[in-house]
Amino acid sequence: MFFHIVLERNMQLHPRYFGRNLRDNLVSKLMKDVEGTCSGRHGFVVAVTGIENVGKGIIRDGTGFVTFPVKYQCVVFRPFKGEILESVVTMVNKMGFFAEAGPVQVFVSNHLIPDDMEFQSGDMPNYTTSDGSVKIQKDSEVRLKIIGTRVDATEIFCIGTIKDDFLGVINDPAAV
Amino acid sequence: MIEPYNKLVKLAARAFYDDLTSKGDNQPKTGRSDNRGIAVVVLDALTRRQWVREEDLAKDLKLHTKQLRRTLRFFEEEKIITRDHRRETAKGAKIYSAAVAATADAATGKEGEEKVKLHTHSYCCLDYAQIYDVVRYRLHRMKHKLKDELENKNTVQEYICINCGKRYNALDALRLISFEDEDFHCERCNGKLEVESDKFAAQDGGDGGDGDENARRRRREKLKDMLQKMEVQLKPLIDQLGRVKDLPVPEFGTLQAWEARASAAGRAANGENSGDSKSHLGYNGAPMPYSGDTKVIVDFNGTEGKGEGVKSETDSTSLKVLPPWMITSGMNLTKEQRGEVKQEIKMDGTSTSTAAQYTDEKKSTIVHDDKNIQDEYIKAYYAALLKKQHEMEEAAKNPQDGNGADDPSSSTSNRQVGIKTKREEDDDGTEWEEAPVRGNGGYKVDLNVEAVAPAEDEDDEDDVDWEEG
Ligand SMILES: [Zn+2]
């Protein structure tokens, strides 16, 4: 699920960035630092959308670095158990398959793949129905439901299922 | 229409809310405070009502208002009932009472409560449409949950290293991928990982050290059992759902709409269009749109001992006998329309033979008629009619008619004779054949029959005379 929230971060800036463009430098450094990161608490930071306010800088003794407390608005993506996501398959093996829904990685183990789909090894390992009408392989687009998340301080990993109504392949890469 | 839905409610109540105890009672259960089953009683009571004031319901059920409220609040959360609360004066209460009186069922006493000044009154009503959905959803969820667990749908797959016995689960998957092959590998010893449940299933009943696995198997058995029991025990409910599926849903609308409708219906039923409906709305108020209409089926022909009289009556319906006061000189009428006395006489030729037939017929028909009240009624009607006709004919100074004049039952037999004569006509194949044609009403045809025509004309004229006199 996406959220638009306000976060705060202490930015350390090298004295060489001080000058007329201090604020711009601060913002671009912020974007470089936080976009694409993940915190277990808030999820993946997708994009910084604005600066709320930049506090007074504090000069670090000995180094000359200055720390600015920056409040910024950003879009975050946080997956939840039970959430339905659309994802792209990145890897298929006999244990199941991995898929990416934006920044989040999801693993679907083979017992959560419908029973009528069988693993086919080979150049392009895949799961296929007996009549061959549905195939899950690398780059397939799959709608899945998250049934578990592992949230570390800097990492979120999910496991999902496609064994439910309206889940499964939503396009066929072979047909495109 | 509402009955199948009520049955659904009753079944659902017994299936899901049977052992419901009102929440919040922390005190140990004594026999007295054990109020299981209240929910069923309340729901049953609601199936016999429409919108009902909660105090009234409590009184009817001999429950404490608080206790009832707690139950009702629960059902509201369960989306079984809709409730409405409003602050109202005595007048507002009166509107409701009037509406209640207009419904056939809930005719409980509520006088005396109308002196309430300004109180918040709560009303409740079953929400059939929603109940149908809620019950279906509940069944779906129950089945789904059991099946999911049975099929390990939402369980996290576990893996174990064959070498060192280290355990992993699917959430570790990212770390376990090896790029050498498509298997998962142990982080510690790089051994091959196996899916755990498969492994244990393989050494079924082996070293037996794993109580965990036994517990899981027991759990599976229990789940299967529950699923099976569910199918059996909830079958009546599911069947009822199927029965109700294509029926229109009883809808009472909001409290206001319902009140307006109920009192309007009540007023209409009492033939009253305006004014204070309260005093006139008795216990015989109008049935509500969904409480079912009274159907009256009058079975005219269904009776077994159907007499000849009835038969003749139905046979002759094609030609209606006009009441004398409708016959005027200008009308082009057949004899049958006037009553066919004259015709019969002509056919038989003499008055005596007609009379004989009259009496014979009369006897037979009377025997039959005794069986049937309807026949009696018809007989009486025809008797009156015939009497009139005889009077007319007496006025026309027709001597033959004196015989049957005072015979009350001769009308039915009269019809009989009419039929009989028609049969005779067929047999004879004489000029009388034209009688039915004439009966169907052409004036020209009438003229062709010479023997009859003058009599009819005379009759017409006499008729006028008699009416004028
Ligand atoms: Zn190992």
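Colleague: Which residues does B:L46 touch, not counting residues up to four places away in sequence?

Modeller: First, the ground rules. This is a predicted model, where local features need pLDDT of at least 70, side-chain atom pairs count only at pLDDT 80 or more, and totals for chains, interfaces and linings use all residues. Residues are numbered from 1 along each chain as its sequence is written, chains are lettered from A and ligands numbered from 1 in the order in which they are written, and side-chain values use heavy atoms, with hydrogens and water left out. Contact means heavy atoms within 4.5 Å, and B:L46 touches B:V52, B:L57, B:L72, B:I81, B:C124 and B:L126.

Colleague: Which residues have the most contacts inside the largest nonpolar core?

Modeller: A nonpolar core is a set of buried Ala, Val, Leu, Ile, Met, Phe, Trp, Tyr and Cys residues joined through side-chain atoms within 4.5 Å. Buried means under 20% relative accessible area, exposed over 50%, partly exposed in between (1.4 Å probe, protein chains only). The largest core has 53 residues, and those with the most contacts inside it are B:L43, B:L46, B:L126 and B:W258. Apart from it lies another core of 42 residues, including A:A99, A:F107, A:L112 and A:L144.

Colleague: Where do the buried residues of α10(B) fall, seen down the helix axis?

Modeller: Helices (H or I, at least four residues) and strands (E, at least two) are DSSP runs, numbered from the N terminus. In α10 of chain B, residues 235–244, the buried ones are B:L237, B:Q240, B:L241 and B:V244. They line one face of the helix, because they fall within an arc of 105°, taken from the directions from the helix axis to the C-beta atoms.

Colleague: What covers those buried residues of α10(B)?

Modeller: Chain B itself supplies cover for α10(B). The elements include α1 (3–16) and α6 (128–150).

Colleague: How much area is buried between chain B and chain A?

Modeller: Buried area is the accessible area (1.4 Å probe) that two parts lose on being put together, summed over both. The contact takes 23 residues from chain B and 21 residues from chain A. Carbon and sulfur atoms give 60% of the buried area, which is about 2,000 Å².

Colleague: How many salt bridges cross the interface of chain B and chain A?

Modeller: A salt bridge is a side-chain nitrogen of Lys or Arg within 4 Å of a carboxyl oxygen of Asp or Glu. B:D172 forms one with A:R150, the closest N and O atoms being 2.1 Å apart. Across the interface of chain B and chain A, the rule finds two.

Colleague: Which element gives the most to the side of chain B that touches chain A?

Modeller: α7 (173–176) and β6 (193–195) of chain B each supply at least two residues of that side. The most, three residues, comes from α7(B).

Colleague: Which parts does the pair B:D60 and B:R49 tie together?

Modeller: Their side chains meet in a salt bridge (2.8 Å, N to O). B:D60 is partly exposed at 29% relative accessibility, and B:R49 is buried at 13%. The parts are eleven residues apart in sequence, so the pair ties together helix α3 (residues 54–61) and the loop between α2 (38–47) and β1 (52–53) of chain B.

Colleague: In which helix do B:R136 and B:D133 both lie?

Modeller: B:R136 forms a salt bridge with B:D133, with the closest N and O atoms 3.0 Å apart. B:R136 is partly exposed at 40%, and B:D133 is partly exposed at 39%. The two are three residues apart, about one turn, in helix α6 of chain B.
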